[in-house]
Amino acid sequence: MPLAKIIWVDDEMESLQSQKMFLENKGYAVTTFSNGFDALEYLKDNIVDVVLIDETMPGITGLQTLVKIKEINRAIPVVLITKNETENLMDDAIGSQIADYLIKPVNPNQVLLSLKKIIDNKRLVSEKTTTTYQQQFRNLFTALNSNPDYQDWMEIYKKLVFWELEMEKTDSPEMQEILASQKEEANTEFFKFISRNYAKWVHPKSADLPVMSHTLLQKKIIPQLEKGTPLFFLLIDNLRLDQWRTIQPIFADSFRIIEEDTFFSILPTATQYSRNAIFSGLLPIDIEKKFPIQWKNDDEEGGKNLYEYDFFKEFLKKQRLEHLKVSYTKVANHQDGLNLVNNVHNMLSNDLNIIVYNFVDMLSHARTEMEVLKELAGDEASYRSVTKSWFEHSALHQALKKIADKKVKLLVATDHGTVRVKKPSKVIGDKQTTTNLRYKHGKNLNYEPKEVLAFRDPREAALPVPNINSSFIFAKEDGFFCYPNNYNHFVNYYKNTFQHGGVSLEEMIIPVITMVSK
């Protein structure tokens with residue numbers, strides 16, 4: 001059985017017999033033709049893995065043959081071989097979707113390398129990825145067990161995300177399981193780390209603190225303001241680091257990425273807490289004190305994120321930046337997206353434009369409710385794929401392309417991530433206990449202490465006290481809370497859905513990216 005079936009089309013094939021024999025000795029089956037017409041007839045009735053084709057031939061050129069090959073089968077990889085090094089020919093060849101471009105005279109190893117890139121690429125990448133991860137496994141294990149600080153944790157999580165994306169290129173379920181197990185171990189240790197340190201972060205006695213939701217504006221956004229260059233701050237709700245990495249190449253087509261960083265979401269990792277903290281520059285307990293009418297606890301009636309722009313304007317006053325020309329746009333549905341596309345050019349006269357885009361959050365909630373999305377986004381890899389497909393075809397992408405050729409800065413961040421929940425945990429509470437799956441607050445909560453991060457006094461976590469004797473609990477790793485009533489039904493309903501609010505690497509360590517127009 002040959003490694004692959006090759007056809008080689010060249011009107012000087014007699015002089016290439018040694019090359020043909022070299023490839024055959026390497027295990028390839030090579031059929032030769034002296035013109036494009038005969039090759040096209042052969043392709044109509046035969047399966048071929050790769051076509052090698054000379055550009056300069058009598059009767060029909062290589063590029064003309066290439067066009068007709070694509071009409072027969074668009075998937076066949078074609079390698080163009082030519083003496084002509086002119087740029088316009090290269091452009092035409094690349095535009096015609098060739099797989100490779102070789103300049104004559106070619107030596108046998110050049111052709112072999114090209115075939116390996118095309119035919120064996122996936123296998124070779126898979127083998128190399130697996131080998132390299134095996135070498136890195138010990139380093140990650142050592143890092144996890146070396147009492148990492150918050151900066152170390154950001155690096156550990158970045159590496160785990162890197163390997164998660166790399167493992168998608170492999171055909172090794174065993175290695176993917178080993179990585180998943182290492183990620184679980186990392187989340188176990190991360191939960192312990194947050195349990196020890198979170199209260200210190202929100203009641204700081206040290207200057208060495210991570211950037212968090214309530215310090216993001218001060219540390220990352222405001223310093224990017226530059227006179228004469230509009231700054232766009234895009235907050236994509238619910239965007240995990242791995243999802244960002246998946247859509248990053250699409251951004252890179254239009255913008256130059258100058259910094260990829262991460263920061264920590266506050267607890268709960270939920271929109272009404274983390275996003276309000278971002279735009280106010282305050283922790284939730286301080287937002288409630290300063291804006292007692294606007295702030296709504298989970299158990300209170302009314303919208304929880306209606307006043308972000310009001311909070312932000314107060315932040316600007318405090319920073320003595322109220323002179324800035326600012327816009328605030330929230331996109332919650334398709335029509336809002338179209339309005340953004342039509343209006344984005346008007347934003348170029350502003351100093352700062354805030355765009356809050358809700359799609360990924362809607363996707364995660366819809367995935368819980370809709371069976372079809374459970375199929376489309378059944379695991380992390382497919383969740384990333386759906387996110388990428390959305391962004392490629394979104395109004396947001398259209399809007400950004402309209403400003404990409406202008407002199408602008410673009411910052412992309414999120415308010416929190418999500419985690420796929422797998423392990424149910426029973427919680428008992430009264431009627432006022434909140435319904436969130438990854439965190440709860442209420443009076444007289446009954447739970448398994450080992451399965452939660454608990455703050456009996458919410459003020460320890462810089463959270464408001466909704467009622468006397470209220471406490472907060474946060475699910476760890478991939479756990480989720482269910483009440484005893486109809487327990488099995490709700491466990492089956494919510495298991496393997498993407499949720500947020502608790503303590504995990506995926507929810508808490510989130511991206512903030514700085515870009516400029518090319």
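A salt bridge here is a side-chain nitrogen of Lys or Arg within 4 Å of a carboxyl oxygen of Asp or Glu. By that rule, the structure holds 28 salt bridges, and a few of them are walked through below. This is a predicted model, where local features need pLDDT of at least 70, side-chain atom pairs count only at pLDDT 80 or more, and totals for chains, interfaces and linings use all residues. Residues are numbered from 1 along each chain as its sequence is written, and side-chain values use heavy atoms, with hydrogens and water left out.

**Glu308 and Lys330**
- Glu308 forms a salt bridge with Lys330, with 3.6 Å between the closest N and O atoms.
- Glu308 sits in helix α13 (residues 308–318) and Lys330 in strand β8 (residues 326–331), so the bridge ties together parts 22 residues apart in sequence; helices (H or I, at least four residues) and strands (E, at least two) are DSSP runs, numbered from the N terminus.
- Glu308 is buried, at 1% relative accessible area, while Lys330 is partly exposed at 29% (buried means under 20%, exposed over 50%, partly exposed in between; 1.4 Å probe, protein chains only).

**Arg384 and Glu164**
- The side chains of Arg384 and Glu164 meet in a salt bridge (3.7 Å, N to O).
- Arg384 belongs to helix α17 (residues 380–392) and Glu164 to helix α7 (residues 150–167), 220 residues apart.
- Both Arg384 and Glu164 are buried.

**Lys117 and Asp100**
- A salt bridge of 3.4 Å (N to O) joins the side chains of Lys117 and Asp100.
- Lys117 is partly exposed at 47% relative accessibility, whereas Asp100 is buried at 15%.
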